[in-house]
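Here is a friendly briefing on how the inside of this protein is put together. Have the sequence and the model open as you read.

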Amino acid sequence: MPKKPAKTISIIELISLFFTEQKAVDWLEGVRWGQTPVCAHCGCVENINKSKSKKFTYWCCNCHKQFAVKTNTIMHSSKLSMQKWVVAIYYLLTARKGISSMQLSKELGITHKSAWFMLQRIRESCKQGHFKLSKVVEVDETYMGSKEKNKHSHKKLNSGRGAVGKAAVFGMCERGGKVKAMVVEATNKESLQGTITNNVEKGSTVYTDGHRSYLGLQGYKHSTVNHSAKECVDGMAHTNGIESVWAVLKRGYPCQDFERRVPQHER
Ligand SMILES: [Zn+2]
């Protein structure tokens, strides 16, 4: 049977659902607490009063602290409205080609700094903890960060060429499923094969390019794909999945964003 397309809503429907800040807060309160507010500090549901001075805020008579629906969520202590958060989450989840903080700042009419902060928090919350990829997994490495020639002189590393000054990112993409990507310190055999062992179930099929670091990969059905010869698109043996992941990642993290995200000492 053909797969049903995922149910999505349009931006127009989204805006009508969250037309006012009150509507957005009511919605999140319902999702988070149901009918009654639950204290975000002590979990108490009794003796909770609405704050008289602060909108959308409650006072817990049990622990004598105030809280709101944003407390202890990704929106904790953010001054941005719930409406803006909802729209930012919508963009991040639905933009097939990713969204940059610069673009988000224009869409929401907020500063670039605020948009960057929102994206960081939302992305952080999308992390799903420790899991391993399995079955058929495409792996590849790429480099991110500004080209040396485009940097301001005080930021130049002045050594070598090519990948200098860029962060090496290693990605693994399970066919039709999950993706894991991380900054790696080196792209040698020890580093890349170690990362595969830690993140991919033994016995899985692993497709890589011809990089010498993948030679002798143990415990997997390993096939090599030759990018340049365009021979890769023969049915199963290709790395198109991970390559689309790179395209989305690079659109979502323009050079400046990525440089700020990866601390200097880790690059
Ligand atoms: Zn409490």
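Leu104 touches Ala88, Tyr91, Ile99, Ala115, Met118 and Leu119, leaving aside residues up to four places away in sequence; a contact here means C-beta atoms, placed from the backbone, within 7 Å. This is a predicted model, in which local features need pLDDT of at least 70, side-chain atom pairs count only at pLDDT 80 or more, and totals for chains, interfaces and linings use all residues. Numbering starts from 1 along each chain as its sequence is written.

**The cores**
- The largest nonpolar core has 20 residues, and Phe67, Trp85, Ala88, Leu104 and Met118 touch the most other members.
- Such a core is a set of buried Ala, Val, Leu, Ile, Met, Phe, Trp, Tyr and Cys residues joined through C-beta atoms within 7 Å, where buried means 20 or more other C-beta atoms within 10 Å of a residue's own.
- Helix 3 (82-94) is among the elements that give two or more residues, and helix 3 supplies the largest share, five residues.
- Domain 1 (20-73) and domain 2 (79-127) both give residues to this core, so it lies between them; the bounds come from an automatic or database domain assignment.
- A second, separate core of 17 residues includes Val139, Phe170, Ile242 and Val245.

**Helix 2 and its partner**
- Helices are DSSP runs (H or I, at least four residues), numbered from the N terminus.
- Just after helix 2, Gly34 takes a positive phi of about 80°.
- Helix 2 packs against helix 3 at an angle of about 65°, with the axes 8 Å apart; axes are lines fitted to C-alpha atoms over the stretch in contact, and angles run from 0 to 180 degrees between N-to-C directions.
- Glu21, Ala24, Val25 and Leu28 of helix 2 meet Met82, Gln83 and Val86 of helix 3.

Technical notes: A residue is buried if 20 or more other C-beta atoms lie within 10 Å of its own, exposed if 12 or fewer, and partly exposed in between; C-beta atoms are placed from the backbone. Two residues are in contact if their C-beta atoms, placed from the backbone, lie within 7 Å.
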